[in-house]
Amino acid sequence: MSGVDRISLRAAALALDDCGRDKPDTKQDVFADLGSPVSPLRLRPSAAATPSSSSSSAGSAKSPALCIAAAGVPRGGGRGSHSGELVAEGNPPRPPGHRRSGSGPLIFSGGSSSAGSGGGCGGGSTASSPLTNALPTGNICPSGRVASAAAAPPRRTRPDVLGSGTGHYGHGSIMRGGGGGMAPARSSIDASPYHSNFSRSPASYPAPQGSNGSLQEVTRAGNEWYKKGHYGEALRHYDQAVTLCPDSVACRSNRAAALTELGRLTEALRECEEAIRRDPANGRAHARLAALCLRFGMVERARKHFMLAGQANQTDPVELQRLQEMERHLGRCIDARKIRDWKSALKEADAAIASGADSSQLLLALRSEALLRLNKLEEADSTITSMLKLDNASLSSMSTKLSGMIPDSYVHVVQAQVNMAFGRFDAAVTMAEKARVVDPGSAEVGRIINNIRLVAQARAQGNDLFKAGKFAEASIAYGEGLKYEPSNPVLYCNRAACWSKLGRWAKTVEDCNEALKVQPGYMKALLRRAASYAKLERWADCVRDYEVLRKELPGDTEVAESLFHAQVALKTARGEEVANMKFGGEVETVTSIEQLQDAIHSPGVSVIYFMATMNQQCAQITPSVDSLCSECPSVNFLKVNVDECPMVARAENVRIVPTFKIYKDGARVKEMICPNLHNLRYSVRHYAVSSS
């Protein structure tokens, strides 16, 4: 055996021994176009020289990395980091004919080769190849380091490109321990789907049913869809990749990234857990799992996996900062809750959510409870609704306790309390029962579920008595429920209904006030109070409540009529003229100047609409005027057709239609020429309210 062959065999043996730690050649990655769709490949400064491959002359042993490339496997999967990413080589290809002497770094000549060459798993380079097409032999050092070149020629920077496979490789220097080379590039997607510890060639995995490509093709297609933001398509390809290579951490990491973008966070979390189970030292999987735990608000788990990711140099400083901020705000929120400082609790919960825990059921429950205690029931309910739309993840791994309740149980308790506030008593009992199942040993949960049951029973008993016409007994039953839930607006409003049936209007107003104090937008309580004010002849208060109801219920004619009669009664009590006031009706047509003057000088608000039959803008706005007349029955609406009554138009100095003039108690307060509907509606309602 020649000296050259002995060196070649030794180099190949060392390379096989180091397979999975070092990339043995400096030629560009075979599948570099499978790079991360998010981040470019980043270089790591080499310690001395870039490790290069060792391929022999004809008949010599082949480098494992080149064998993998020939089998269709990206060489980036053989790194000791197990990240499954593609990496770039430290030495870019050289111009054709470039040569060196001594034992410096290998340089790819880029020249043409004879048949069967190219560094693949096929035949090696032929002995008759021209010297200018072969790379010089490097020195193999026992220490694993390559001796420095005596005099390296000047290098020209050139962009990384795929190796063409036409260059002849000489006997390169093999470095043990990875003294040089590239660091794994960080990205959201692992480009190479192969794990370095595979005992089975990835090319031998069968294609999944319906798959038309090899693993690298499927991965490449998935990455392209991911880069374009089509995460569903990307996930479909990554699913195929996992089927092809179920032991690949990189394939599972890619799938987790696509699931995260699709909002399927729990599935992404499970995929990361599976990746870590298969490779507990994989820093990328730990980093991704930590980020998901952060979004779920799982502080302890996030910190644990960030630490494990840091051991593999995969920790993102930004994510660590977000973890620290979230942990600080969560602690402050829980402390504020203990002292019932609900404003601070709400502020800190919002800050923790903003710091990254946007899918945390615990934080949304804390937010909802704070809003409930601040009598912002609608916001509390909408927060619970948002929480229920989240991708669910168990909170059992969290050690935090709130008033002795574990997080899972606490979330159910808050849902029960919000349901109680809105009168959804059956749903409240169901949620309380779930809390008991999750946390059967909690005394606090036991106390809460007992109160909820007693309140629900009192409400049911009161309803039965009310339906039976036993209003006094019903009021007592509702009062019993208020002993256990003293701020429940539904029980107050129900008891107010009992007082109104008994003719105790002052008591009705008192209970309605309590209900509205807790829930300001409670329409039923507002209706009962307005009616009670009318019975008590407190007309100013009555008009004020009905005006609020009119805005909230614009299509309710009963409310509109009640408002009108309350306004008439108020004007009468003030001694004002009400003879010409009328409720509702259609827009009145004016045919004479006298009719117009009578309308203008009548008490209240009058709106005069000057229009023309053939005018397009008038044709568009007329239906809205009719609708506005129905919405504001206390306002007098009149219309003047300028074509039929030109004298009336001239008397009012109207030259452009449509024109609106608003009069209040005989005085003109506003004139609008060609207004839009929004401004017209606002002005009419404004003067209608101010006339009350």
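Modeller: This is a predicted model. Start with helix H18 (residues 505-518). Its buried residues pack against H12, helix H17 (489-501) and helix H19 (523-535).

Biologist: Which residues of H18 are buried?

Modeller: They are Thr508, Val509, Asp511, Cys512, Ala515, Leu516 and Val518. Buried means under 20% relative accessible area.

Biologist: How do you know that the span of H18 agrees with its 14 residues?

Modeller: At 1.5 Å a residue, H18 should span 20 Å. Its end C-alpha atoms are 20 Å apart, so the two agree.

Biologist: Now H11 and H12. Why is H11 called roughly antiparallel to H12?

Modeller: Helix H11 (residues 361-373) and helix H12 (residues 377-388) pack at about 165 degrees, with axes 8 Å apart. Angles over 145 count as roughly antiparallel. H11 is therefore roughly antiparallel to H12. Their crossing is left-handed.

Biologist: What makes the contact of H11 with H12?

Modeller: H11 brings residues including Leu364, Ala365 and Leu371. H12 brings residues including Leu377, Ile384 and Met387. By class, this contact of H11 with H12 has eight nonpolar, three polar and two charged residues.

Biologist: And why are H15 and H16 called roughly antiparallel?

Modeller: The axes of helix H15 (residues 443-467) and helix H16 (residues 471-484) cross at roughly 170 degrees. The cut-off is over 145. H15 and H16 are therefore roughly antiparallel to each other. Their axes come within 8 Å.

Biologist: Which residues meet there?

Modeller: Among them are Leu454, Val455 and Phe466 in H15, and Phe471, Ala477 and Tyr484 in H16. The contact of H15 with H16 divides into ten nonpolar, five polar and three charged residues.

Key. Residues numbered from 1 in each chain as written. Predicted model: local features only at pLDDT ≥ 70, side-chain atom pairs only at ≥ 80, totals over all residues. Heavy atoms only, no water. Axes fitted to C-alpha atoms, helices over the stretch in contact; angles between N-to-C directions. Helix = DSSP H or I, 4+ residues; strand = E, 2+ residues; numbered from the N terminus. Parallel < 35°, antiparallel > 145°, perpendicular 65-115°, else oblique. Contact = heavy atoms within 4.5 Å. Nonpolar A, V, L, I, M, F, W, Y, C, P; charged D, E, K, R; others polar. Left-handed = near helix turned anticlockwise from the far one by under 90°. Expected span 1.5 Å × (residues − 1). Buried < 20%, exposed > 50% of the residue type's maximum accessible area, 1.4 Å probe, protein only.
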